[in-house]
Each structure stands twice: as C-alpha cells, then as structure tokens.
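Here are my notes on the aromatic side chains, point by point. Please read them with the structure open.

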Amino acid sequence: MRTLTIKRAKKYVACLNKSKIYIEDPVSGDTNISGVSCRKIGDLKNGAEKSFPIGYEAAKVFVISDKLSKNYSNDFYQLPAGEENIYLTGQNRYNPANGHAFIFDNNASTEAVSNRRKNNKKGIVVLIIAMIIGLIAGVVSSFLPASDGIFTAEELSITLTDEFFDLYEEGYNGVFANEDVVVLVVKDTFEDYPELKEYSLKQYGELIAENYSLTDSALKRENDLTYFTYLFQNPDTDETYSYKSYIFKTDNAFWIVQFATLDQDVEAYSEQIKQWATTITFEQTQQ
C-alpha cells in the first residue's frame with residue numbers, strides 16, 4: 001500500500017462543511033460519482049490535512065460536498081499507478097453553480113477541466129429548478145394572507161417585504177428571496193471556531209475580506225453597520241452578480257448577511273438593501 005495525503009486550505013467558503021473523499025473502485029465501490037464507481041475513504045475538515053492508505057493502481061480520487069449534490073459538486077484528481085506516496089492540496093472555491101466545490105490545486109488536465117464545466121452546467125440547472133420552485137412558492141403565497149415580512153434564522157430577525165419567501169440551501173442558516181434579490185445568512189459560532197471569540201468585528205471582517213481575496217480597505221461603514229461588497233461572474237452564463245455583505249458579532253457568534261442581485265439591478269435595489277440591513281436584530285446582545 002502507498003499513502004495519499006490531501007491538504008484542504010483553510011478558507012471561509014464552505015468552512016462549516018466536511019469534504020467527503022472517495023476513490024475509484026470498480027470492484028468494491030458502492031457510490032457512483034459522475035459515472036465512476038467509488039468507495040468512501042474519509043472526511044476532511046476545513047484547514048485539515050489527512051492521509052489515506054491506497055493501492056498501487058491508477059485511480060481517480062473524488063472530493064464531494066455530500067451525496068445529494070455529488071454529481072455536480074465534485075472535483076477529481078487522476079492518481080497515476082506506482083509505489084510513490086502522493087500529496088495533494090486544494091480548497092473550496094466560491095461558485096454558487098457547483099455548490100462552492102472543493103477544487104484540487106495544479107489540476108488542469110483536459111478531463112478534469114471538462115468535468116468542472118459539466119458540473120457548472122448541471123449546477124445551474126439545479127439553481128434554476130430551485131428558483132422555479134421558489135417562484136411557485138411565491139405565487140402560492142400570494143393567495144395566502146399577507147405576511148408581515150419578518151424572517152428569522154435562529155437568533156437573527158430581518159424585516160423584508162411579503163414578496164420574499166424562505167428557501168433552503170446547504171451551508172446557509174437562512175435564505176430568503178424574491179424575484180430579484182436573495183438574502184443569505186451564515187453564522188460562525190464560537191463553539192465551532194473558539195479562536196474567533198476574541199476577534200473584534202474589524203478583525204473578523206479583515207479575515208473574511210482575505211478569504212474573498214479583497215483588501216482590508218474593502219470594509220466600509222454605513223448606518224453604523226460594517227459591510228463589504230464584491231462581484232461574482234458566472235463563467236457559463238457571463239452574468240455578473242453583486243453581493244453586499246454585512247457582518248455582525250453577538251455573544252456566541254459572528255454573522256454574515258449577504259444581499260445578492262444581478263449587477264444590473266444594484267441601483268434599483270440599493271436604497272432598499274440599506275433599509276433592510278438596518279432592520280437586522282438578534283435575540284442576544286449585539287457587540
């Protein structure tokens with residue numbers, strides 16, 4: 001046997017999710033990933049490094065987010081046959097189309113790149129279906145008594161409008177959307193990340209800015225709230241999305257509340273997003 005070691009870079013993207021490691025096994029495989037029979041060999045936390053015993057034969061090693069999204073949120077590395085130990089690195093990269101999948105570093109083979117493109121296309125279909133379901137839910141809700149527009153995610157509460165509805169998305173504590181705006185809520189608890197407890201809001205903001213490859217100066221203040229903005233371009237549709245991300249600290253966690261729109265809609269919703277952000281409250285005392 002030889003040893004396969006994989007290092008997952010510590011990044012904010014998908015930081016709460018464990019990556020699942022599978023290896024190609026046409027004999028004992030019990031899970032099909034993108035047409036390849038595989039078996040699980042372990043999990044990998046954010047920032048962790050782990051070694052696995054593997055055989056000497058050539059095989060694909062896959063990293064997936066979970067079994068539900070395994071056929072579009074995955075990346076693989078083709079392991080060569082041989083007796084030498086293998087060391088690989090990678091990280092979860094921000095991309096809503098593939099569920100912010102783990103991507104191996106220095107892995108630009110034609111087959112791997114083709115697989116990523118296919119995953120993006122599949123993921124876009126999933127997002128479209130989710131949006132259609134959301135729109136149907138919005139139509140159904142129009143026949144129900146109007147809500148007061150208050151939405152909650154654990155201790156967090158935000159006042160939007162009755163045009164918004166709840167969605168579920170893996171990795172988020174809350175997702176609220178209308179036809180043009182999506183509000184994404186993420187909570188980093190001190191129980192999961194005890195080192196964050198001593199961070200100030202500015203220090204946490206700088207950490208997040210670094211993980212988004214932004215500069216420290218990206219942090220801004222508005223209505224006594226701290227936020228940063230960034231753009232994301234979908235590589236398959238060429239559509240550009242604008243994100244305005246507010247950060248908060250409570251007694252037990254840091255929070256990020258992101259308002260996402262198509263870049264072309266930013267001006268139309270700019271003032272509303274500012275107003276919605278001022279309605280964010282927490283059951284615990286905000287710091």
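1. One aromatic cluster is formed by F151, F164, F176, Y227, Y246, F259 and W276. Keep in mind that the model is predicted.

2. Across the whole structure, a search returns 15 aromatic pairs. Take F102 and F104 as one of them: the ring centres are 5.1 Å apart and the planes stand at 85°, so this pair is edge-to-face. The cut-off for that label is over 60 degrees. Both partners can be checked for burial. F102 has 2% relative accessibility and counts as buried. F104 is buried too, at 3% relative accessible area.

3. Now the pair F259 and W276. Their planes meet at 20° and their ring centres lie 6.5 Å apart, so the pair is stacked. Stacking requires planes under 30 degrees apart, and pairing requires centres within 6.5 Å. F259 belongs to strand β18 (residues 253-262), while W276 belongs to helix α3 (residues 266-278), so the contact ties together parts that are 17 residues apart in sequence.

4. Are the two members of that pair buried or exposed? F259 counts as buried, at 1% relative accessibility. W276 counts as buried as well, at 6% relative accessibility. Both residues are also members of the cluster in point 1.

5. Two lysines deserve a look. K244 lies over the face of Y227, 4.7 Å from the ring centre. Y227 is itself one of the cluster residues. The charged end of K60 sits over the ring of F76, at 5.5 Å from its centre.

Terms used. Residues are numbered from 1 along each chain as its sequence is written. This is a predicted model: local features need pLDDT of at least 70, side-chain atom pairs count only at pLDDT 80 or more; totals for chains, interfaces and linings use all residues. Side-chain values use heavy atoms; hydrogens and water are left out. Rings of Phe, Tyr and Trp (its six-membered ring) pair if their centres lie within 6.5 Å; planes under 30 degrees apart count as stacked, over 60 as edge-to-face and the rest as tilted. Buried means under 20% relative accessible area, exposed over 50%, partly exposed in between (1.4 Å probe, protein chains only). Helices (H or I, at least four residues) and strands (E, at least two) are DSSP runs, numbered from the N terminus. A charge sits over a ring if NZ of Lys or CZ of Arg is within 6 Å of the ring centre and within 35 degrees of the ring normal.
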